[in-house]
Amino acid sequence: MDLTLKDRVLILNTVLPQFDTRKNMELKVSIDRKISISEADQKRIVVKDLGGGQINIGFTDASAISDETSIELTNEELTYLKQRVDFIDRNGMFSEFTMPTYVKILDEPLNEEQPVE
């Protein structure tokens, strides 16, 4: 899956939950490792805590929103992300800023060679 720095920040901060079942937390930890933000990339991110669990994310350069990195996700990990975004959608938590990332996750096809367990 091709993800921008913005996508990765949103997945880490808004898609992946703080708490979940043991199995889902194992998937979360695996995804966290794969999309972690390098120290260099962290300097390109400006995060403001707005309180009440809301954050505002900004970037120091436009390439953070356009340059993509290919991240290999298993079908199980991608299915988990899709379920999380579906939950976000059902609860009316899409915004203009998050919608491109959320739609990208929903539209990403599963790998045909690898069945979901």
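Me: Let's begin with helix packing. At what angle do helix 1 and helix 6 pack, and how far apart are their axes?

Reply: Bear in mind that this is a predicted model. Helix 1 (residues 5-15) packs on helix 6 (residues 99-107) at an angle of about 85°, and their axes are 10 Å apart. Angles of 65 to 115 degrees count as roughly perpendicular, so helix 1 and helix 6 are roughly perpendicular to each other.

Me: Which residues of helix 1 and helix 6 meet?

Reply: Helix 1 brings Lys6, Asp7, Leu10, Ile11, Thr14 and Val15, while helix 6 brings Pro100, Thr101, Tyr102, Lys104 and Ile105. By class, the contact of helix 1 with helix 6 has 6 nonpolar, 2 polar and 3 charged residues.

Me: Lys6 is in that list. Is Lys6 buried or exposed?

Reply: The general idea is a cut-off: buried means under 20% relative accessible area. Lys6, which lies in helix 1, has 9% relative accessibility and therefore counts as buried. Setting aside neighbours within four places in sequence, Lys6 is in contact with Phe59, Ala64, Ile65, Phe97, Pro100 and Thr101.

Me: How do I read the largest nonpolar core? Which residues touch the most other members?

Reply: Think of a nonpolar core as a set of buried nonpolar residues joined through side-chain atoms within 4.5 Å. Here the largest one has 17 residues, and Ile11, Val15, Ile31, Leu81 and Ile105 touch the most other members. At least two residues of this core come from each of helix 1, helix 2 (22-35), helix 5 (75-90) and helix 6. Helix 5 gives the largest share, 5 residues.

Me: What is Ile31 in contact with, leaving aside its neighbours within four places in sequence?

Reply: The contacts of Ile31 beyond those neighbours are Leu16, Leu73, Glu77, Tyr80 and Leu81. There is also a second, separate core of 8 residues, with Leu5, Leu10, Ile37 and Phe59 among them.

Me: Back to helix 5. How does its length compare with what 1.5 Å a residue should give?

Reply: The expected span is 1.5 Å times one less than the number of residues. For the 16 residues of helix 5 that should be 22 Å, and the end C-alpha atoms are 22 Å apart, so the two agree. The buried residues of helix 5 include Leu78, Leu81, Val85 and Ile88, along with Glu76, Lys82 and Arg84. The buried residues pack against helix 1, helix 2 and helix 6. After helix 5 comes Gly92, with a positive phi near 65°.

Me: At roughly what angle do the axes of helix 2 and helix 5 cross?

Reply: They cross at roughly 105° and come within 10 Å, which makes helix 2 roughly perpendicular to helix 5. On the helix 2 side the contact is made by Lys23, Asn24, Leu27, Lys28, Ser30, Ile31 and Lys34, and on the helix 5 side by Glu76, Glu77, Tyr80 and Leu81. That contact divides into 4 nonpolar, 2 polar and 5 charged residues.

Conventions:
Residues numbered from 1 in each chain as written. Predicted model: local features only at pLDDT ≥ 70, side-chain atom pairs only at ≥ 80, totals over all residues. Heavy atoms only, no water. Axes fitted to C-alpha atoms, helices over the stretch in contact; angles between N-to-C directions. Helix = DSSP H or I, 4+ residues; strand = E, 2+ residues; numbered from the N terminus. Parallel < 35°, antiparallel > 145°, perpendicular 65-115°, else oblique. Contact = heavy atoms within 4.5 Å. Nonpolar A, V, L, I, M, F, W, Y, C, P; charged D, E, K, R; others polar. Buried < 20%, exposed > 50% of the residue type's maximum accessible area, 1.4 Å probe, protein only.
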